[in-house]
Amino acid sequence: MPIAVISAWPVSVFIFGALIGSFLNVCIGRIPDGESIVTPPSHCPKCKAPIAFYDNVPMLSYIFLRGRCRACSQRISPRYFAVELMMGLLALALFHCFGLSFSFVVSCVFVAALIVISFIDLDVRIVPDVISLPGIALGLVFSTASYFFFHDEPGIIPTPLSSLIGILAGGGFLLATAWLYEKFTGVEGMGGGDIKLLAMIGAFLGWPAIPVTLFIASLIGSIVGIACMILTGAGRRLALPFAPFLCSGALAYLFYANQIIELYLPSR
Ligand SMILES: [Zn+2]
């Protein structure tokens, strides 16, 4: 009996995450077109047929329908399954780190925003302002609320000052780099969307996350970029969306912040 009680939590958290993932799929599909994420109800993106609730169960419906729409039999993007699984697993990992705490709630919101931004950038090469700009404000609000009302241990939420410096460092550093790059080469380098995303990451994780995120993002970006050039034979003109790499860097920091800070600020 006690085993059943203990194992109910992880299962519930995974289902909770997968349900959030299902909503994130709606955001990823509709935000680039400027559509409402509330109405109309779920429909097939190809034939527009409404999707019944029993065909809209996270992950399971995708498996039972073998990745095809019940009405038109056209393929449904595996992204739907991947996002639900990813959010389910990440919610589970965050629960493992933070338990049922304010840090868990805040990091779930943060990770959800990272997933939506990454997949929209992969899809249409845009970092949506409707996520990143409210995200910057929300990160600061959460850190202020945490400072005054919640004191999670172990937590990930920075102090309001660290959050504010994170916004300025994230936004300012990339803004300066982009300005210099454009001034010297005459070519627009990093997009404005990436700058707002890094400011959002600074808001949620505090300023020490900025150099770590940039370093990890550049590292993964270089490896993936070189691999893509070799595999596709594309030359130096290959342009990869940068947001998924920034989000990966932020995720690494979220889970391994203390170990990473130990590495470069050992005196702390
Ligand atoms: Zn269809």
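Val106 lies in helix 4, where helices (H or I, at least four residues) are DSSP runs numbered from the N terminus. The model is predicted, so local features need pLDDT of at least 70 and side-chain atom pairs count only at pLDDT 80 or more, while totals for chains, interfaces and linings use all residues. Residues are numbered from 1 along each chain as its sequence is written, and side-chain values use heavy atoms, with hydrogens and water left out.

Apart from neighbours within four places in sequence, Val106 is in contact with Phe142, Ile157 and Phe204, contact meaning heavy atoms within 4.5 Å. Pro45 is 61 residues from Val106 along the chain, and the C-alpha atoms of the two are separated by 31 Å.

Helix 4 covers residues 102–124, which makes 23 residues. From its first C-alpha to its last, helix 4 reaches 33 Å, close to the expected 33 Å; the expected span is 1.5 Å times one less than the number of residues. Because 18 of its 23 residues are buried, helix 4 is largely enclosed by the rest of the structure. Arg125 follows helix 4 and has a positive phi, near 60°.

**The nonpolar core**

A nonpolar core is a set of buried Ala, Val, Leu, Ile, Met, Phe, Trp, Tyr and Cys residues joined through side-chain atoms within 4.5 Å. The largest one here has 62 residues, and those with the most contacts inside it are Phe110, Leu197, Met200, Ile201 and Leu205. Among the elements that give two or more residues to this core are helix 1 (2–30), helix 3 (79–98) and helix 7 (192–205). Helix 4 gives the most, with 14 residues.

**The zinc site**

The protein donors of the zinc ion are Cys44 (SG), Cys47 (SG), Cys69 (SG) and Cys72 (SG), at 2.3 to 2.4 Å from the ion. Donors are N, O and S atoms within 2.8 Å of the metal (3.2 Å for Na, K and Ca); water is not among the atoms, so sites may look incomplete. Along the chain, the donors follow the spacing C-x2-C-x21-C-x2-C. The angles among the 4 donor atoms are 104 to 120°, and the site is tetrahedral, a term used for four donors if all angles lie between 85 and 135 degrees. Cys69 is buried, with a relative accessible area of 10%, whereas Cys72 is partly exposed at 24%.

**Salt bridges**

The whole structure holds 3 salt bridges, each a side-chain nitrogen of Lys or Arg within 4 Å of a carboxyl oxygen of Asp or Glu.

| Pair | N to O distance |
|---|---|
| Arg70 and Asp55 | 2.6 Å |
| Arg79 and Asp123 | 3.4 Å |
| Asp129 and Lys196 | 2.9 Å |

Arg70 lies in the loop between helix 2 (60–64) and helix 3, and Asp55 in the loop between helix 1 and helix 2, so this pair ties together parts 15 residues apart in sequence. Arg70 is exposed at 54% relative accessible area, but Asp55 is buried at 14%. Arg79 is buried, with 14% relative accessibility, and Asp123 is partly exposed, with 48%.

How values were computed:
Buried means under 20% relative accessible area, exposed over 50%, partly exposed in between (1.4 Å probe, protein chains only). Four donors count as tetrahedral if all angles lie between 85 and 135 degrees; four count as square planar and six as octahedral if opposite donors are over 155 degrees apart and all others between 65 and 115; anything else is irregular.
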